[in-house]
Amino acid sequence: MGAERIKVLLVEDDGDSRELLAELLEFEFDVVTATDGLAGLRAFESALPDVVVTDESLPGLCGTELAQRVKAHSPRTRVILVSGYSEVSGAGHCDLVLRKPIDVEQLSRAVGRLGDEARQWVGDDARQ
């Protein structure tokens, strides 16, 4: 039936935004959601997604801190940080930073590209 779909973890504390983005991304990807940074870390550890899409301003653990922990655990996982701020301290742990308001088509393309990169990285690692 083809390759498995790219796994995405969406971490967003605003319920309406989270639901809308999840619905839109689910057309192409397998999506798991979390409501804050700590829940996002737990969901990451259980789901092991290819791509994490996280808001910066989250209760418990901000997006850049989440990205740092994700990368320490799984360097292959790609992280997209979403922020309303023009500059974000700690964004170096992220593979891509997108400014709010989100262009959903741009986000979807980025998730597809970074998800493919994450899977390729695993493939390269497995051949060594």
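Mentor: Let's begin with cover: a residue is buried under 20% relative accessible area, exposed over 50%, and partly exposed in between (1.4 Å probe, protein chains only). This is a predicted model, where local features need pLDDT of at least 70 and side-chain atom pairs count only at pLDDT 80 or more, while totals for chains, interfaces and linings use all residues. Residues are numbered from 1 along each chain as its sequence is written, and side-chain values use heavy atoms, leaving out hydrogens and water.

Trainee: Does Glu117 count as buried or exposed, or partly exposed?

Mentor: Glu117 has 32% relative accessibility, so this residue counts as partly exposed. Arg113 falls into the partly exposed class too, because its relative accessibility is 44%.

Trainee: What do the side chains of Glu117 and Arg113 meet in?

Mentor: They meet in a salt bridge, 3.5 Å from N to O. The rule asks for a side-chain nitrogen of Lys or Arg within 4 Å of a carboxyl oxygen of Asp or Glu. Glu117 and Arg113 are four residues apart in helix α4, so about one helical turn separates them. Helices (H or I, at least four residues) and strands (E, at least two) are DSSP runs, numbered from the N terminus.

Trainee: How many salt bridges does the rule give?

Mentor: The count comes to seven. One of them joins Arg119 to Asp50, with the closest N and O atoms 3.1 Å apart. Arg119 sits in helix α4 and Asp50 in the loop between α2 and β3, so this pair ties together parts 69 residues apart in sequence. Arg119 is partly exposed because its relative accessibility is 27%, whereas Asp50, with a relative accessible area of 5%, is buried. A network of salt bridges links Asp50, Arg76 and Arg119.

Trainee: Which residue forms a salt bridge with Lys71?

Mentor: That is Asp95, the closest N and O atoms being 2.8 Å apart. Asp95 lies in the loop between β4 and β5 and Lys71 in helix α3, so parts 24 residues apart in sequence are tied together. Look at the cover as well: Asp95 is partly exposed at 34% relative accessible area, while Lys71 is buried at 18%.

Trainee: Now the strands. How many residues of β4 are buried?

Mentor: Six of the six residues in strand β4 (residues 78-83) are buried, leaving the strand mostly covered.

Trainee: In what sense do β3 and β4 pair?

Mentor: Two strands pair if DSSP finds at least two bridges between them. Strand β3 (residues 51-55) pairs with β4 in the parallel sense over five bridges, and Thr54 has Leu81 of β4 as its bridge partner. Between β3 and β4 the chain passes through helix α3 (residues 63-73), in a right-handed β-α-β crossover. Right-handed means that, with the strands pointing away from the viewer, the path from the first strand over the helix to the second runs clockwise. On to strand β5 (residues 96-99): β4 pairs with this strand in the parallel sense over four bridges, and Val97 of β5 is the bridge partner of Leu81.

Trainee: Where is the peptide bond that is cis?

Mentor: Follow the backbone from Lys100 to Pro101, where the bond is cis, with omega near -5°. Pro101 lies in the loop between β5 and α4 (104-127). Another backbone detail is Leu48, which has a positive phi of about 45° although it is not a glycine. Leu48 is in the loop between α2 (37-47) and β3, and its 41% relative accessibility is why Leu48 counts as partly exposed.
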